[in-house]
Amino acid sequence: MGEIKDHTHFDFGTLTEREKYKLLIGTVIPRPIALVTTVDRNGRPNAGPFSFFNVLTHDPAIVAIGVENYADMRFKDTARNIRETGEFTVHICDDAMVEEMEICAIKFGQEVNELEQAGLHTVPGTMVRSPRILEAPAALECRRYMTLELGPAREIILGQVVGVHVRSDAVNPGNLHIDQLKMDAIGRLGGHTYTRTRDQFDKVTQSPAQWDERVGVVTSEKV
């Protein structure tokens, strides 16, 4: 059991937007990174990374991304494109893609293709119109399920996963086991800090019967 230490309390009702943001991104860690591709109504592609991202449920298969608006409340390209087409593709970022992912985070104009700037290779989507990045270890093709407008600064986009591509050397198609080490995914911490997922360990949740047996053994040992 870890050492119990003092904690500092922060009342979110007294904090600024920036202060709340810093506390959230510093404590909710590590966060997976979604490199999202979309196309606009004219078919022009866009790519951008988002660390306010996760999977929420498997039935239906729903992922969520939080997309921040511009300061003047205009939608970013990703949010606007999803509104126009109802489709997007989430790519899991591995360690080999870090530099290219960061290039896609640059605030280019709408006319700039981030995928070309980053030198990423793509193919057309299988079940959606958004392109699929070949360098990514996995890609989740999604259709917009709903959009939650929680405030002026950010919206939460829920996407229903309609298909997944996983790099063949990282998945066993027979039992659907995915090799986490070969995925080599990265995560976002606070600020500009990232983490790798290469340091792993297993911990299997016990059944109630196993717990009772364990507690019984501990109790008998004390007696």
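This report walks through the salt bridges and the cysteines of a predicted model.

Residues are numbered from 1 along each chain as its sequence is written, and side-chain values use heavy atoms, with hydrogens and water left out.

**Salt bridges**

Side chains of opposite charge can pair when their charged atoms come close. Here a salt bridge is a side-chain nitrogen of Lys or Arg within 4 Å of a carboxyl oxygen of Asp or Glu, and by that rule the count comes to 13. Three of these pairs, among them two that share Arg80, are set out below.

| Pair | Closest N to O distance |
|---|---|
| Asp77 and Arg80 | 2.9 Å |
| Arg196 and Asp95 | 2.9 Å |

Let's begin with helix α2, which covers residues 77-85. Helices (H or I, at least four residues) and strands (E, at least two) are DSSP runs, numbered from the N terminus. Asp77 and Arg80 sit three residues apart in this helix, about one turn. Glu84 and Arg80 are four residues apart in helix α2, so about one helical turn separates them as well.

Are Asp77 and Arg80 buried or exposed? Both are buried, where buried means under 20% relative accessible area, exposed over 50%, and partly exposed in between (1.4 Å probe, protein chains only). Glu84 counts as partly exposed, because its relative accessibility is 31%. Asp77, Arg80 and Glu84 also belong to a network of salt bridges that includes Arg41.

The salt bridge of Arg196 with Asp95 has its closest N and O atoms 2.9 Å apart. Arg196 lies in strand β14 (residues 194-196) and Asp95 in the loop between β6 (87-92) and α3 (98-104), so this pair ties together parts that are 101 residues apart in sequence. Arg196 is exposed, because its relative accessible area is 52%.

**Cysteines**

A disulfide is a covalent bond between the sulfur atoms of two cysteines. How many disulfides does the model contain? With a disulfide taken as a pair of cysteine sulfur atoms within 2.5 Å, the count comes to zero. For Cys93, the nearest cysteine sulfur is that of Cys104, 8.3 Å away. Cys93 is buried, with a relative accessible area of 1%.

Key. This is a predicted model: local features need pLDDT of at least 70, side-chain atom pairs count only at pLDDT 80 or more; totals for chains, interfaces and linings use all residues.
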